Amino acid sequence: MPLSTVTRALIAGLALAALAGCSSGSPHKDQALPSKAPANRADRQNAVQVLPGMPPVLDPNDIYAADRPGRLSEVVKDFPSRVYVPNTNSDTVTVIDPKTYKVIDTIPVGRQPQHVVPSWDLKTLWVNNDLGNSLTPIDPRTGEAGKPVAVHDPYNLYFTPDGKYAVVMASKDRRLVFRDAHTMKVVKALPVSCYGVNHADFSIDGRYFVVSCEFSGELLKVDTAKMEVTGQQKLPFHGAMPQDVKISPDGKRFYIADMVADGVWILNGDTFAKPSFLATGRGAHGLYVSRDSRVMYISNRGEGTISVFDFPKNKLSAKWRLPGGGSPDMGGVSTDGTVLWLSGRYNSVVYAIDTRTGKQLARIKVGSGPHGLAVYPQPGRYSLGHTGVYR
């Protein structure tokens, strides 16, 4: 008897979700536990009508449900654990062994590398050589760099949730350039009227994304499928300079760090109405969600601190100070969730911070101007880009 369309769709969805659930480890007792999963997987899939081609949302109450400690994809589970640090002034990528806190390699790349970005399929790390107008691929299995790909003005790089396109944040060109995610050939170059497009994150259904424009203090809302700007607003703070963007676990709010307003804007992405504001610290810059989706780490680059935001309580719960100060910038969380790795933008160092206590574990000397470092591999089914935004 032939299967019905609904039955075939359900079987396909269950198969994809099963593949996504592969794991190479389990949380330790002192690590946060996963959030409770809904009882029925089919209900989970039907709860969020995602962008066509996008993997189903595992838990509509927690879009980071696939990012639990040690839950590595089959694609990356055998990759060596490394921290890749792009040094903007040295034109190199420093490679650190996170177990020993030692530098094990230095890779020459193009001019002014800004971020190390995991590809959607998790197989490649792309170094964004901003002034070199190229992307240098690194094989995370071997740590070897490949032949650079010509890409103009690649300040930052994201991937659409369906895996079709890479989105280049061409800051100086004032464009969002949609490229084939594999060949990097241009599909569409979208001009924007704001200045300094730099960071972004996608809605829970993947149908739109919010972009920060740091030099004009604006936000954009972009339709993913149409590749068109559907909303634009000026932040209500004189001299606002929005940076990193991150969506809440329940998908209801976007958080945008602002290094001049010294805090985080909280935005309803669906309505795109005027955001509220939460002060965190001078030079708020990077945003990173914990492995249990309970808190978000906010790097305050201008004062050498990290603020901890509690999602359930909707308030700040702690502030950690780096010994002797520093300039914590971009980074990521370790596979097991116990260490927050951040570049020290103006101190030529990388910080390793205990996520349970806020204590600095190591301060590692790297090249000049370390910026968007990537901790790799990390848990998750696929990457949305930047220094590692996983679903």
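**Entry 1: Arg291**

I started at Arg291, whose side chain reaches the backbone oxygen of Asp67 at 3.3 Å. This is a predicted model, so I kept an eye on confidence as I went. The side chain of Arg291 also makes a polar contact with that of Gln378, at 2.8 Å.

Where does Arg291 lie? I found it in the loop between strand E21 (284–289) and strand E22 (295–300). Buried or exposed? Arg291 has a relative accessible area of 7%, and with the cut-off for buried at under 20%, Arg291 is buried.

I then listed what Arg291 touches, leaving aside neighbours within four places in sequence. Its contacts include Asp67, Arg68 and Pro69, then Val333, Ser334, Thr335, Asp336 and Gly337, and also Gln378 and Pro379.

**Entry 2: confidence**

I looked up the pLDDT next: the chain has a mean of 91, and 88% of its residues reach 70 or more. Over residues 1–45 the pLDDT is below 50, although this stretch has 51 contacts in the model beyond near neighbours in sequence.

**Entry 3: salt bridges**

How many salt bridges are there? I noted a count of 12.

Asp292 forms one with Arg294, the closest N and O atoms being 3.5 Å apart. Asp292 is buried at 12% relative accessible area, while Arg294 is partly exposed at 42%.

Asp329 and Arg345 form another, at 3.6 Å from N to O. This pair links distant parts of the chain, 16 residues apart: Asp329 is in strand E25 (residues 328–333), and Arg345 is in the loop between strand E26 (339–344) and strand E27 (349–354). Both Asp329 and Arg345 are buried.

I also noted a network, in which salt bridges that share partners join Glu74, Lys77 and Asp78. Within it, the side chains of Lys77 and Glu74 meet at 3.9 Å, N to O. Lys77 is partly exposed at 32% relative accessibility, and Glu74 is partly exposed at 49%.

**Entry 4: a sheet**

Last, I traced an open sheet of 4 strands, ordered E9-E10-E11-E12 with antiparallel pairing. Which strands stand at the edges? They are E9 (156–159) and E12 (186–191); each has a single partner strand, so one side of each is left without a neighbour in the sheet. I noted an average twist of 20 degrees from one strand to the next.

E12 pairs with strand E11 (residues 175–180) over 5 bridges, in the antiparallel sense. I picked out Leu176, whose bridge partner in E12 is Leu190.

Terms used
Residues numbered from 1 in each chain as written. Predicted model: local features only at pLDDT ≥ 70, side-chain atom pairs only at ≥ 80, totals over all residues. Heavy atoms only, no water. pLDDT = per-residue confidence, 0-100. Contact = heavy atoms within 4.5 Å. Pairing = 2+ DSSP bridges. Helix = DSSP H or I, 4+ residues; strand = E, 2+ residues; numbered from the N terminus. Axes fitted to C-alpha atoms, helices over the stretch in contact; angles between N-to-C directions. Buried < 20%, exposed > 50% of the residue type's maximum accessible area, 1.4 Å probe, protein only. Polar contact = N/O pair within 3.5 Å; in protein donor to acceptor, adjacent residues only side chain to side chain. Salt bridge = Lys/Arg side-chain N within 4 Å of Asp/Glu carboxyl O.
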